[in-house]
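Dear colleague,

I am passing on the structure below, together with notes on what was found in it. Please read the notes with the model open beside you.

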Amino acid sequence: MELDYIMGIMPALIDGTKETLKIFCFTLLFALPLALPISMSAISRFWPLKALAKIYIWVFRGTPLMLQIFFFFYCLPMLTPIKLDRLSTAIFTFVLNYAAYFAEIYRGGIESIDRGQREAAKSLGFSRWQTMYLIIIPQAVRRVIPPVSNEVITLIKDTALVYVIGVPELMKAAKDANNRDVDPTAYFIAALIYLALTFILTMISRQLERRYSRHERKDAV
């Protein structure tokens, strides 16, 4: 690998990394909070709302993310007046997809809390919503950190899929350089960038797990 060649392709790879991080950050910004009402709907006693949430989760977890990207980019403008640019389509699709995964994780965390705590809260005069938001959800947050962290790490790698609709993220930048120069160096550098990003996210998730597990041990004492 010649240094001059690497320096020549780095600006495009850096710009691609910025687009990758943009998709990653916007997905987390919207998907993490959106997943909470979806998960609450999935365990709701109001069956139409519960059924709607279950169908949403089933559809987005049961179909490939790439297929969803194609649908929202090519089919949605044909079926509705909605027309999104490439980056907006990518972010919109990722938010809907990851909200479904996060919602299922949240649901599992909420349902893992001992039902005796709900009964104790009820005996103290707490309403169902007070019990949920003041007692159940704070405990569930600690339990869902590991699986949520795993999904977040997967997200940074899944962003590579948006190259199929021409979003100039890291994978597309590497692919363009390889196609132009018939040199796989760009792929090698892209792999190193992905590894660096996943390493940083792994370290952050471990710190969060340690912090919340320490709090959980204190509460147990």
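Glu104, Arg107 and Glu111 are joined in a network of salt bridges, a salt bridge being a side-chain nitrogen of Lys or Arg within 4 Å of a carboxyl oxygen of Asp or Glu. The model is a predicted one, in which local features need pLDDT of at least 70 and side-chain atom pairs count only at pLDDT 80 or more, while totals for chains, interfaces and linings use all residues. Residues are numbered from 1 along each chain as its sequence is written, and side-chain values use heavy atoms, with hydrogens and water left out.

Arginine 107 is buried, because its relative accessible area is 16%; here buried means under 20%, exposed over 50% and partly exposed in between, with a 1.4 Å probe and protein chains only. Leaving aside residues up to four places away in sequence, arginine 107 touches Ser39, Ala42, Ile43 and Lys54, where contact means heavy atoms within 4.5 Å.

Helix H4, which covers residues 86-111, also holds valine 95, and this residue counts as buried because its relative accessibility is 10%. With residues up to four places away in sequence again not counted, valine 95 touches Phe26, Thr27, Phe30, Ala31 and Leu34. The C-alpha atoms of valine 95 and leucine 32 are separated by 8.6 Å, although the two residues are 63 apart along the chain.

By the rule given above, the count of salt bridges comes to five. One of them is formed by the side chains of glutamate 19 and lysine 22, with an N to O distance of 3.2 Å. Both residues lie in helix H1 (residues 3-42), three residues apart, which is about one turn of the helix. Glutamate 19 is buried because its relative accessible area is 16%, whereas lysine 22, at 33%, is partly exposed.

In helix H7 (residues 170-181), lysine 172 and aspartate 176 are placed four residues apart, again about one turn of the helix, and their side chains meet in a salt bridge at 2.9 Å, N to O. Lysine 172 counts as partly exposed at 22% relative accessibility, and aspartate 176 counts as partly exposed at 33%. A further salt bridge links the side chains of arginine 180 and aspartate 181, at 3.0 Å from N to O. Of this pair, arginine 180 is exposed, with a relative accessible area of 56%, while aspartate 181 is partly exposed, with 30%.

Valine 182 has a phi near 50°, a positive value in a residue other than glycine. It is found in the loop between H7 and helix H8 (185-220), and it counts as exposed because its relative accessibility is 73%.

Finally, Arg45, Arg115, Lys122 and Arg128 form a positive surface patch. Such a patch is made of residues with over 30% relative accessible area and no salt bridge, like charges being joined within 9 Å; Lys and Arg count as positive, and the place of a charge is taken as NZ of Lys or CZ of Arg. Among the members, arginine 45 sits in the loop between H1 and helix H2 (47-62), and arginine 45 is exposed because its relative accessible area is 72%.

Notes: Helix = DSSP H or I, 4+ residues; strand = E, 2+ residues; numbered from the N terminus. Patch = residues over 30% accessible without salt bridge, like charges linked within 9 Å, V, L, I, M, F, W, Y side chains within 5 Å. Areas by Shrake-Rupley, 256 points an atom, 1.4 Å probe, with all protein chains shown as cover.
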